[in-house]
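Trainee: I'd like to learn how to read a protein model. Could we go through one together?

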Amino acid sequence: MSLSAKALTRLLDKGELDLVGRTRRGKLAGESDGDLRDLARTLRERRNRARDLARQQRREFRGKAAPQGTRPASDNRGTKAKADALTVALKRVGAEQTRRAEKLRASSQRSLARKALALKQGRDKPKRPASRSPGKGMQAVENPKAAKSGALNDAGARPALMRAKIARR
C-alpha cells in the first residue's frame, strides 16, 4: 500500500516519518549494512507497537477489553494505517537486505570463466585412433527370420505380389 507524503505526515510522528523517509528509493543504497540492520530493528519495534495498539483499540470498541484511556476507542483505522505504513517500509528494508545478500552470494563472471577453464583443462583428452587407416565400420546383421529376397513361399508374400500385379494393369 503506497501512501502519499501528506497521508504519511498525518499518520506518523516526526521520528517515524524520518525512519520511513530513509527507506525510500535511492536512499537505502547509501545505508551501510549495520545501519540497515538498525533501521530494520527500529522499524520492527515501532510497527509491533502500532500493531498492538490497533489490536487493543479494536478490542475496546468491540467491548471485549476495558478502555486504556479515559474513554474507549471508537476506531482504530489511524493506528492500523500507521502499522501498515511501517510494515511497507520494513518490507523495503528487507528487500534491500536480501538484494545485498544475493549480490554477495552470486559468482562474478570472472570467477565463472576461471572455473570453466579449470574444468576444461582438467578433463581427459578425447580418444584418438592409433592409425589413420579406417576400421571395419558398422557391420550388417542378418535377420534369420526374414525371407530371402525373391522367395515366394513366405506367408503373405504371394497375395501381396498378386495385388501389385493387379494394381499395375
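Trainee: Let me start with one side chain: does lysine 82 count as buried or exposed?

Mentor: Keep in mind that this is a predicted model. The idea is to look at relative accessible area, where under 20% means buried. Lysine 82 has 18% relative accessibility, so lysine 82 counts as buried.

Trainee: Where is the place of lysine 82?

Mentor: Lysine 82 is found in helix α4. Leaving aside neighbours within four places in sequence, lysine 82 has contacts with Leu11, Leu12, Glu16 and Ala50.

Trainee: What does the side chain of lysine 82 meet in a salt bridge?

Mentor: Here's the general idea: side chains of opposite charge can pair when their charged atoms come close. In this model, lysine 82 pairs with glutamate 16, at 3.2 Å from N to O. Lysine 82 sits in helix α4 and glutamate 16 in helix α2, so this pair ties together parts that are 66 residues apart in sequence. Glutamate 16 is buried, and so is lysine 82.

Trainee: How many salt bridges does a search of the whole structure find?

Mentor: It finds twelve. Another one joins arginine 99 to glutamate 96, with their closest N and O atoms 2.7 Å apart. These two are three residues apart in helix α4, so about one helical turn separates them. Arginine 99 is partly exposed, with a relative accessible area of 43%, while glutamate 96 counts as buried at 10% relative accessibility. Salt bridges with shared partners also link Asp13, Glu16, Arg46 and Lys82 into one network.

Trainee: Why would residues three or four places apart in a helix point the same way?

Mentor: An α-helix has 3.6 residues a turn, so residues at that spacing point the same way. You can see the four-place case with aspartate 84 and lysine 80, both in helix α4 and about one turn apart. Their side chains meet in a salt bridge, at 3.5 Å from N to O.

Trainee: What about the nonpolar side chains? Which residues in the largest nonpolar core touch the most other members?

Mentor: In soluble globular proteins, nonpolar side chains tend to be buried together. Here the largest nonpolar core has 18 residues, and Leu12, Val20, Leu39, Leu43, Leu86 and Val93 touch the most other members. Two or more residues come from each of α1, α2, α3 and α4, and α4 gives the most, with seven.

Methods. Residues are numbered from 1 along each chain as its sequence is written. This is a predicted model: local features need pLDDT of at least 70, side-chain atom pairs count only at pLDDT 80 or more; totals for chains, interfaces and linings use all residues. Side-chain values use heavy atoms; hydrogens and water are left out. A nonpolar core is a set of buried Ala, Val, Leu, Ile, Met, Phe, Trp, Tyr and Cys residues joined through side-chain atoms within 4.5 Å. Buried means under 20% relative accessible area, exposed over 50%, partly exposed in between (1.4 Å probe, protein chains only). Contact means heavy atoms within 4.5 Å. A salt bridge is a side-chain nitrogen of Lys or Arg within 4 Å of a carboxyl oxygen of Asp or Glu.
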